[in-house]
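User: I'd like to learn how to read a sheet and its aromatic contacts in a structure. Can you walk me through one?

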Amino acid sequence: MFQYFFFFKLYFQELSRHNYVTPTSYLELLTSFDKMFAQKKNEMERSIKRLQTGLDKLLSTAEDVKVLQKELAIMKPQLEAAQIAAGNMLVDIEADRAMAEETRQIVEVQEMDATKISEETQALADDAQKDLDIVMPILEEAEANVKSLNKSEISEVRALKHPPAGVVLVLKVICIVKNIKPVQVAGTGIGEKVQDYWTPGRNMLADPTAFLNSLMNFNKENMNETLINKLKPFIVDPDFQESKIITVSKACTSLCKWVHALYNYYFANLKVAPKIVALTEARERLAESELVLSAAKAKMKEVMDKLAILENTLQETLSRKAELEANSKLCEDRLNRAFRLINGLADERERWISTIQNIEAGMDKIVGDILISAGAVAYLSPFTDKYRRSLLQEWLTVVGDVGVPHNPNCNPVSTLGEPVLIRKWQLDGLPRDYLSTENAILVQNSKRWPLFIDPQGQANRWIKNMCKEDFLSICKPTDKDLMRTLEGSILTGKPVLIENIEAELDPSLDPILNKQIFYQGNQPVIKLGDSTIPYNNDFRLFITTKLPNPHYTPEIAIKVLLVNFTLVPSGLQDQLLGLVVMEERPDLEEMRSILVVSSAQMKAELKDIEDRILLRLTTSEGSPVDDIDLIVTLEASKVKSEEIKNKVKSAEVTQAEIDLTRAQYIPVANRAQILFFCLADLANVDPMYQYSLEWFKKIFINSMIDTAKSTDIDERITSINDYFTFSLYSNVCRSLFEKNKLQFAFLLCIRILLDSGVIDSHEWLFFLSGGSPLKELSNPAPTWLSNRSWNEILALEALPSFTEFVNVFPNNAEKCKQIFDSLEPHREELPSPWDQRLNKFQKMMILKCLRPDKVTNSMQDFLTDNMGERFIEPQTSDLSAMYKESSATVPLIFVLSTGTDPAADLYKFADKLKMGKRLMSISLGQGQGPVAEKMFHNAVETGNWVFFQNCHLAPSWMPKLEYIIERIPIDTVHRDFRIWLTSSPSPSFPVSILQNGSKMTIEPPRGIKANLMRAYDNQITEFLDFFNSENKKVNTFKWLIFSLCLFHGVCIERRKFGPLGFNIPYEFTDGDLRICVSQLYMFLHEYSDIPFKVLTYTAGHINYGGRVTDDWDRRCIMNILHDYYDMTVVNSSYQFDNDGIYHQVCLKFNIKGL
């Protein structure tokens, strides 16, 4: 803990970053250790169990192989015997089948004969039946009529005493049919005998039933021709017709019909009888044929029955054989699957054994590993990479000293990280450097919600990509519906990102940050304000801030996990290298991007395949050789695995080749990352110096595009580095105050030389902060060398390069005095051999000890020698260049210094672009926020310009300004819309606006040359048309305007000399020069001669003199002005100083000096 507080203090001293350790941190250490130790131990035990189960399955498979081999040896002889028996039986069956075939053919012939006879018989029967069908209905009808007669009707006929002739006739015919003889009775004549059928007829009717039955049973077939001849007279007798008889007796009518039917039947039967005989003969033949056929079929059945028995026996034999074959095949298949399983997992077996051994060996060391990781979760996340590594190394030493078992190089990533998950994070946008990976793992394992210190938005982008599919809600602290969004997300279990927070957190978030969850019944709930919300455990909260160095109080630090997500050089270099290669070799970078994604996917697939194999082995029941799905899955997985491994190897080879080519451009990416961190450090100088990574990348890409192409890679790299370094410097200088431009250029130079090893980091640190003498020695030259300077020289002894210099300094005191007394000590040579032994930076360190007032001049020379003179030349600010880089969504910011106002320049620029009438301006302050917001929204729709002045005077409205700027609708905003802002340096100005906006500092430039360039760039350009005209006063105007600008620069520069310049400091502005230039133009046109008296009075007493309150200062100004407003200056050869450095402009050059 003592070491932690030491780093804690050092962290603040070196980086001015605040961090706090509280009892809560220690409690998190304990809870994290307990939780992570249990998780890690369970994970390792599960892994061992899974792997051991897989090994056990392989072992049981090997045992199954032995058993299967024995079973297969037994079944083979049995199978051979069954095959022989089945073969013999097949021979017998073939013989019986041949016999059956012969019998079948015989039966078929006989069956065909029988069928033919049957058909002929049927034809005869049909023919006879056709004839019978004609008469039989009549006969049947007559018999039906007879049958319908009852006894009473018959008795009624018999009882007739005097029967009608028709009745007598009918009975007579009936008697003839029944062959009943008549009786002889006396006739009408004497002795005459006549035949009487009535009496026998009545006797015939004595028994009606018997009579009727005799009629019904009458043998129609035996009627002969004699009977028919007897009946014929009656048949044709008109009195023996139905129509006659019906008139005398119903019963006799039926008997009459019956007789007629018998008569007709006789003649029909004469036709049918031969046919009946032929039919009878045919039926006899058919019966004989069927007997023969039946015998043949019986023989056939006997043969077939025998054949069926043989076939059944054969089937049983074949079934036995098939069973033996199936068992043998099953045995062989199982044996084959066993070999496939063993061979398929041969590689995995060795790896599983090794993995189990490694896990078991690591079981004893997880206590120390988890302890280190728990400490990292509790304490490390607020630190930068350098301090984390130092703290971890210190902890490892302490853990080793007390004997806690641990892996020698354990760290949170190796202990808690999952490679597949890490690769997924990186695909989601997590930077690939170690620090970012460590941050993600610490966040994953902490019980507190993370607050990312994320000035460049890297964590913000990663979170948005990672949680995109989970319907991430994104909000800001200023959102009115923030709590409603949180309530909905807690209820549904969706993640929430609160971005761009400041140094304070809303107290209403405390229940969420402190996870104040309680239960109502079995339902976890959380209370937000007056609402009690069901708590979904899937809910996640992420918080980010763009502040590069926020100071969060201990009260906030214990509620959240502060995570320092600032960029590190390695991560940024990798990103920039991708941009370089994308620009220089887009084919390689595209291929690399595809390979990175595919490689990650393939490795994830390999892990999934292994997990599936182990899962199937673990969950399969019984012998694994019987699990066909397992074998198939294993083989498919094995094929897929081998395919993926080959692809991974091929991808790694291709990746190595690509990386080799990409490595050629590393110097460009390295230079760019060095420059970016120089840029990032500017925020420590002034809160307005904020730059986004995206803005930096834009300049970087444009530099590569604008640089001349070359086939020589080394030449191309040098060209890009030089061009980009100056391009970045020029763009950044536009937003820097003059006092910081040299510092920035010098910082760029030093960082570049530090990276190349030209400058020692300890010497650079000494140059910045000095040191303490290692020993006290008397000052060898007290007359001219101060004790402070002598102590600084003594402190140099701590640096190896200066040890001898300090020792011999007394001997070189006289030479050093010459340097001390020189007007240009920074250009004097050091005593030999130090002038040759020390480099220019080391010489500057000695100069800092002797003449610190000339260090700035030495820095300028140093920059000229190492970077070029252009890095010390004034960099002018141009509104048109600033506007050119802007867009409707990019704010344009003027950073003000004391006494400056860009309004006039902006109005003039707006008029130039014909936007003067569409420029809406407001000065922010108390109560102006709503007015400004309304003006802003109207301008977004109409395409006007809005000009919000003095933003530093409305700090409470700045979050609202940030909110409305971030929500400018990209798709619908008018393309002409621009928002212009002015602000003095203020910590309340939104960081996101500074980072994403285009900035320009407004202050008087430093140096006569810089003032002249600014004047000519901003004010003189409006007279270009006059310069190019044929007016005779053009030349005079050119000379006088140059003289006036030079006077303005002298007045500005005199201020930095304090009372030596003016007794009272005066804020002369560009407005003073502007009005003097306008008056000069006006008076030259109004007067034929040059009105120097008028010009001197207006400039000296009114425009500039109007600010002067001291009489001596006024006198000074008038004397200076006389040197510049005089007839002698109206000459191309005039010189303003004795050395001729400042001389009048040459008329043959234009305003650009060309």
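User: In what order do the five strands of the open sheet run?

Analyst: Keep in mind that this is a predicted model. The order is E12-E13-E14-E11-E15, with parallel pairing. Strands E12 (919-923) and E15 (998-1002) are at the edges with a single partner strand each, so one side of each has no neighbour in the sheet. From one strand to the next, the twist averages 15°.

User: How many bridges pair E12 with E13?

Analyst: Five, in the parallel sense, with E13 covering residues 945-949. Take Ile922: its bridge partner in E13 is Phe948.

User: Which helix packs on the sheet?

Analyst: That's H36 (residues 929-942), which touches E12, E13 and E14 (978-983). The direction of H36 makes about 160° with that of E13.

User: Now the rings. What describes an aromatic pair?

Analyst: You look at the distance of the centres and the angle of the planes. The whole structure holds 52 aromatic pairs.

User: Are Phe936 and Phe977 buried or exposed?

Analyst: Both Phe936 and Phe977 are buried.

User: Which ring has the charged end of Arg837 over it?

Analyst: The ring of Trp834, with the charged end 4.5 Å from its centre. Likewise, Arg851 lies over the face of Phe820, 5.8 Å from the ring centre.

Notes: Residues are numbered from 1 along each chain as its sequence is written. This is a predicted model: local features need pLDDT of at least 70, side-chain atom pairs count only at pLDDT 80 or more; totals for chains, interfaces and linings use all residues. Side-chain values use heavy atoms; hydrogens and water are left out. Two strands pair if DSSP finds at least two bridges between them. Helices (H or I, at least four residues) and strands (E, at least two) are DSSP runs, numbered from the N terminus. Axes are lines fitted to C-alpha atoms, for helices over the stretch in contact, and angles run from 0 to 180 degrees between N-to-C directions. Contact means heavy atoms within 4.5 Å. Rings of Phe, Tyr and Trp (its six-membered ring) pair if their centres lie within 6.5 Å; planes under 30 degrees apart count as stacked, over 60 as edge-to-face and the rest as tilted. Buried means under 20% relative accessible area, exposed over 50%, partly exposed in between (1.4 Å probe, protein chains only). A charge sits over a ring if NZ of Lys or CZ of Arg is within 6 Å of the ring centre and within 35 degrees of the ring normal.
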